[in-house]
Structures are given as structure tokens and as C-alpha cells.
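Take a look at the structure first, then read on.

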Amino acid sequence: DLFNSDDFKEFLSNDEINRANKIKIVEKRHQFIISRGVVKKLLSTLLKKEVDQIEFLYSQYGKPFINEKYNNHAIEFNISHSGIYGLIAITLDNKIGVDIQKIDPEVDYNSLSARFFSDNEKNELMKLDKNKRKDAFYLGWVRKESFIKAIGMGVAYGLDRFSVSLNKNDNANIVISDFENKKWHCYDLIEFNNYKTALTTCENKIDIVISQ
Ligand SMILES: CC(C)(COP(=O)(O)OP(=O)(O)OC[C@H]1O[C@@H](n2cnc3c(N)ncnc32)[C@H](O)[C@@H]1OP(=O)(O)O)[C@@H](O)C(=O)NCCC(=O)NCCS
């Protein structure tokens, strides 16, 4: 409710407006317009350019990126949206992926974890008390999604090919897996009003600055 999508349409390219117009579900259309608009506005401020000069390109797997540099540093960003929230991460000379998920009290975590989790994760989930499983499932979900988004392959990588911890006390620094001979680290960001969030990067020590 904080943002009105009409205020952000002017920041979108014609292609993006066409894409938005094809999104049938009103909530998802607003998510797309607002998160695109906000990230383009942030990038234009960082680069001291007009918003309409910020052009998104797409990787083979659909990850949006820009070719611009900030003081000779490569800019990387990632977007996630769920319910009424959007999550945007921007970094320099690094790979980054973020995920936010609204917790659905009715979620069938048994069938979703059977389909998407690795064997280790399925075992870890089943060892927990039943009343802790939903929370652990969502924690695993956002951590896994943030990883496949950081590497840029999305679901094409295969969600069951790697494991994350489902323990929230492992929050600080989880080494997820090796990919392209790099180590990836996953951080929980903020937990609020039944949402879970995670961020994955490729560097070991990063300072995360959160603005709401
Ligand atoms: C892109 C993907 C990784 C995540 O999609 P999602 O969880 O539905 O949506 P999110 O809101 O978190 O992320 C969407 C954003 O990711 C970005 N994105 C798209 N493709 C991407 C890719 N290959 N890598 C990284 N980011 C990508 C886009 O910016 C997109 O937002 P936009 O279209 O508004 O610009 C997709 O591959 C996907 O469908 N995942 C499956 C989700 C699932 O069922 N998980 C089960 C877990 S138990």
C-alpha cells in the first residue's frame, strides 16, 4: 500500500509496459511494475543517469542485468517479490541473489519438499517436530531460491542438486555448494509479518546494509 504502481510506470520501457500488461493477476502486475520501477530508479541515481537510460538485458536463463559500471565496478542486482513486499539487492563486483516468500499457512510442505528438496533436506525436515517443519521448510525455500538466483540459472540448475541448512541458527554464513569453483554464502535477512527472506553472494565477507 506504500507504493502506487501508476507512479512507477514512467520508469519502465515500452517492452516492460507490454510485459506488465500481459500479467493477468493484478497483484503480480503491481509487484512487477513497482519492483522494476524502484530498482531502475535506484540504479539511475547510483549511475547519475536518467531512468530511461537504464536498460535491462537478460541472461540466457532470464536474469536481468545491466552493462553499466559504477566507478569501474560491475553492478549486480537481483529482485524478488511476494505478497505486498519486494526485495531488491544491489552489489558491486559480486554475484547476488535474493528471495522473499510470504508464508502460506495452508502450504503443503510435504509435497513441495518431496518435489524440490534434496535428500539431506528432506531428512532434516522430517527429523524436526511437526510444529517446526513449516518454518524450516520456508527457511530452506528462500535460501535455495536465493542461491539459484545468485548463480543466475534459476530452477534450470535443479533445486534438489544441492542442500542448505534448515536451521535458523546457521544464519550467519552458510557455505552452500561449489559452483564454477566458487564458494557461495547464504544469509537470512529480515523476518517479519510471516515473510522469510534470504540473500546469497559469492564473496566470503560482505557488509549487508538493509533499508526498508
Ligand atoms: C526466477 C526464479 C528463480 C524465481 O522466481 P520466483 O520465486 O517465482 O519469483 P521472485 O519474485 O523471487 O523472483 C523473480 C525475479 O527474479 C529475477 N529473475 C528472473 N530470472 C532469473 C534468474 N534466472 N536468475 C536470477 N534472477 C532471475 C527477475 O528480476 C524476476 O523479477 P521481475 O520479472 O519482476 O524482474 C524462477 O526460476 C522460478 O520460477 N523458481 C521456482 C519457484 C519454486 O517453485 N520453488 C520451489 C521451492 S520449494
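## Where the ligand sits

Domain 1 (5-97) and domain 2 (102-201) both give residues to the shell around the ligand, so the ligand lies between them. Those domain bounds come from an automatic or database domain assignment.

This is a predicted model, so local features need pLDDT of at least 70 and side-chain atom pairs count only at pLDDT 80 or more, while totals for chains, interfaces and linings use all residues. Residues are numbered from 1 along each chain as its sequence is written, and side-chain values use heavy atoms, with hydrogens and water left out.

## Who's in the shell

There are 22 residues around the ligand, and R19, S80, H81, E145 and K149 come nearest (a residue is near if one of its heavy atoms lies within 4 Å). Strand 4 gives the most to this shell, with 4 residues; strands here are DSSP runs (E, at least two residues), numbered from the N terminus.

## Polar contacts

These contacts pair N or O atoms within 3.5 Å. The side chain of E145 has an N or O atom 2.8 Å from a ligand nitrogen. For R36, a side-chain N or O atom is 2.9 Å from a ligand oxygen. G152 uses its backbone instead: an N or O atom there lies 2.9 Å from a ligand nitrogen.

Definitions and conventions
A polar contact is a pair of N or O atoms within 3.5 Å; within protein, one must be able to donate a hydrogen and the other to accept it, and residues adjacent in sequence count only if both atoms are side-chain atoms.
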